[in-house]
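Subject: Structure handover and notes

Dear colleague,

Please find below the structure that I am handing over to you, followed by my notes on what was found in it.

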Number of protein chains: 2
Amino acid sequence: MSRIIGFETYDVRFPTSRELDGSDAMNPDPDYSAAYLVLRTDAEDGLSGHGFTFTIGRGNDVQVAAIEALREHVVGRDVDEVCADPGIVNRALIGDSQLRWLGPEKGVMHMAIGAVVNAVWDLAAKRAGVPLWKLLADADPEWLVSQVDFRYLTDALTPEEALELLRRGKEGAAEREAELLAEGYPAYTTSPGWLGYSDEKLTRLAREAVAAGFRQIKLKVGADLADDVRRCRAGRAAVGPDVRMAIDANQRWNVGQAIEWVKALAEFSPYWIEEPTSPDDVLGHAAIRAAVAPVKVATGEHVQNRIVFKQLLQAGAIDFLQLDAARVGGVNENLAILLLAAKSGVPVCPHAGGVGLCELVQHLSMFDFVALSRTREDRVIEYVDHLHEHFRTPTVIAHGAYRAPTVPGFSAEMLPATLKEYSFPDGSFWRADRGEV
Amino acid sequence: MSRIIGFETYDVRFPTSRELDGSDAMNPDPDYSAAYLVLRTDAEDGLSGHGFTFTIGRGNDVQVAAIEALREHVVGRDVDEVCADPGIVNRALIGDSQLRWLGPEKGVMHMAIGAVVNAVWDLAAKRAGVPLWKLLADADPEWLVSQVDFRYLTDALTPEEALELLRRGKEGAAEREAELLAEGYPAYTTSPGWLGYSDEKLTRLAREAVAAGFRQIKLKVGADLADDVRRCRAGRAAVGPDVRMAIDANQRWNVGQAIEWVKALAEFSPYWIEEPTSPDDVLGHAAIRAAVAPVKVATGEHVQNRIVFKQLLQAGAIDFLQLDAARVGGVNENLAILLLAAKSGVPVCPHAGGVGLCELVQHLSMFDFVALSRTREDRVIEYVDHLHEHFRTPTVIAHGAYRAPTVPGFSAEMLPATLKEYSFPDGSFWRADRGEV
């Protein structure tokens, strides 16, 4: 019998604030970072499970401490057992009654659970010899239902309903898998739209995006209305009338402000307004959505768990659900979120970017297409062209679409050289940066 | 000019799980703990500011790490300046754009902010020579409004409305202060009702509570319906028909379960059902409240911030708002929450117990009575008779009421001997417990 014998954590930070990559109305100077975990086993295959929480710099050490607090729940476990049923780990972590007090199921502690759970799924897919999206798409519906925690969900989704959705998802799955492998999954790009970029850079990058095959771009807004009018005008001029142009306020506004601001930008036909206000404000999103139509409302990258997503759907508060692979409690909770969305018919357009989020989230959308929602219509995965070079199997984008990963696992594995160079504060990059080399 | 020069943190843990004190349906074996902070200054008065996050054991180290992450925002600040305007510190901590990613405004990072902000208020009240409740009650309404962060609130409460509420609160404040000093503030007790206690212990403690002057008790429920029927029958028999008996499920149920379970206990006339489901589920609480009337619905000890409280009030989801002094971002955010409750007319019945929560929360309710809601009707503060002996100025209960504190500060200060004995893992208690002495 093989066991999990290693639980290695890393505080990995990249100095992205120096180029204003990733700058927006709420996050002026992010240093993209990851609280990173490697699970090692004593199995002869030598495979390891990788997972992480994305952060934007300060506090990445707190996130590492939270992952460390979960060590005892994982080390010593039977590898075959947890790979056959990652729900075991999910339940053990969510169910720790003392740690639960620190959430429950939100913030630092919940993201730590997500990192550990995702590492288990990475290991499970590697041992199964398939990319995670295919492991999920080929899975038995009853087994998938067993992976979901229905606590606090049954007023919106029962296990029986979930089973029915997943059984229906099997119809035509082979054809959709073939389409996916041939065509990929549509992406949109945020790369032109960071708030710190000049109009010239915005225009150039927006044109390049369209030339590269993207049918949707996104611009950051929310700091200054006059700037936003100018930037939206430039963006629309660059992409023309037929390419979708979303806008993203990163939670900058109160409800009333959001409504006024979006109306003031309506002449540029924004496709969706993303994160117009607090991610906690279900009723606020519903009020905004009612007021700004036909502009659509999207949110999710900071939505803390399935319970808030449930309410966003119950309240008719969103047009697009933007799940994040590393904000909630990992694959198990994202299965619940995908099922809630599928039942309500709301398209899932995942949040990505950051460190490794593109790598993770593609698997969830591809599973959703092949074996749950059965459609890519009005669905796009965010794409940002940052930091992919640090991953062993980076995302591949062609003609504005994510290519389906074929390498076994969850695409979560960073290069050993990156862990060495960017570990904070003692990696070689940071030492050199302080003049210590 | 004096500066904050010390920022000392302590991981303090008490072995409460050994007596099943504090046991409930979700927390079977809590070890009541505090991530504790002392702010020291170089002022000649020698005064220090104390604050903490309450946790129930594992993860208290993560909480300490989160408080440590805030050190640079505080050390070096001008003591007079921050004591004259604690909002400076509140805004700096909430506004750290990189740390914000770890919430925003929820979970570990937000509770850490609460500990620091509360320590500043403790220091401010000590330097002013008054208990915190009186500092707030005597404060200028414009100044109090300046302490509140209205972001994400203005659809429910504007600064102008807050100012009007606080101005109205001044009418008759002197008379209410005199009443408060003479009579105290009504308490209810949870001491009889822990799930781990036998029926005999429950009955004995319930009778003692009534004899001591309490007009409300609370029982934990939610693990087993047959047990709950038996325990509620025993509780009602012990206190008679005229004493209020609340029940508390500690988030154990789905929405449908909550409705069924409460109806099954209705024959014992429970006064309120507390935390029937997830604290994140605004719409779930609204559905439960509509279904279980005339039993009332209370929640709040795990409500993460003012934005969720806003929605609970907007949705008509609660009859009682149970704010917690150390879950949200400290006094500044609790001012916002008290103002939201005052505008809606929903009584605030704070959560207490744990470590030091009774000591803190009494100040907020007493301010509310003297200078905001202007009433104690249907308002009670939770009281649990645990661990008060570790505080320098413990709460005083007489005839079922909290006596108004008269010592300057926020009553947050633990005894130096306690910090030494119960620091984990190297305090003398824990060393002896491991047989190391």
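Strand 4 (residues 185-193) of chain B runs parallel to strand 10 (residues 381-383) of chain B, and three bridges join the two; strands here are DSSP runs of E with at least two residues, helices are runs of H or I with at least four residues, and both are numbered from the N terminus. Two strands count as paired if DSSP finds at least two bridges between them. In this pairing B:Tyr188 stands opposite B:Glu382 of strand 10.

Before going further, please note that this is a predicted model, in which local features need pLDDT of at least 70 and side-chain atom pairs count only at pLDDT 80 or more, while totals for chains, interfaces and linings use all residues. Residues are numbered from 1 along each chain as its sequence is written, chains are lettered from A and ligands numbered from 1 in the order in which they are written, and side-chain values use heavy atoms, with hydrogens and water left out.

With strand 5 (residues 216-220) of chain B it runs parallel, joined by two bridges, and the bridge partner of B:Gly193 in strand 5 is B:Leu219. Strand 4, helix 10 (residues 199-211) and strand 5 of chain B make a right-handed β-α-β unit; right-handed means that, with the strands pointing away from the viewer, the path from the first strand over the helix to the second runs clockwise. Strand 4 of chain B is also mostly covered, since eight of its nine residues are buried, where buried means under 20% relative accessible area, exposed means over 50%, and partly exposed lies in between (1.4 Å probe, protein chains only).

Strand 7 (residues 272-274) and strand 8 (residues 296-299) of chain B run parallel and are joined by three bridges, with B:Val297 as the bridge partner of B:Ile273. Together with helix 13 (residues 282-292) of chain B, these two strands make a right-handed β-α-β unit. Strand 8 of chain B is also joined by two bridges to strand 9 (residues 320-321) of chain B, again in parallel, and B:Thr299 has B:Leu321 as its bridge partner in strand 9. The chain crosses from strand 8 to strand 9 of chain B through helix 14 (residues 306-314), and this β-α-β crossover is right-handed.

Next, the backbone of chain A. Most residues other than glycine have a negative phi, and most peptide bonds are trans. The peptide bond from A:Gly103 to A:Pro104, however, is cis, with omega near -10°, and A:Pro104 is found in the loop between helix 4 (97-100) and helix 5 (107-128) of chain A. The peptide bond from A:Phe424 to A:Pro425 is cis as well, with omega near 0°, and A:Pro425 lies in the loop between helix 17 (416-422) and helix 18 (428-433) of chain A.

Which phi value does A:Gln251 have? Its phi is near 70°, a positive value in a residue other than glycine, and A:Gln251 lies in the loop between strand 6 (244-248) and helix 12 (255-265) of chain A. A:Gln251 counts as buried, at 1% relative accessibility. A:Asp378 has a positive phi too, near 60°, but A:Asp378 is partly exposed, with a relative accessible area of 35%.

Finally, the interface: 61 residues of chain A are in contact (heavy atoms within 4.5 Å) with 61 residues of chain B. The area buried between the chains, which is the accessible area (1.4 Å probe) that two parts lose on being put together, summed over both, is about 5100 Å², and carbon and sulfur atoms give 53% of it. A:Arg58, A:Gln98 and A:Trp101 supply 18% of the area that chain A buries against chain B, more than any other three residues. There are six salt bridges between chain A and chain B, each defined as a side-chain nitrogen of Lys or Arg within 4 Å of a carboxyl oxygen of Asp or Glu. One of them joins A:Lys106 to B:Asp280, with the closest N and O atoms 2.9 Å apart.

With best wishes
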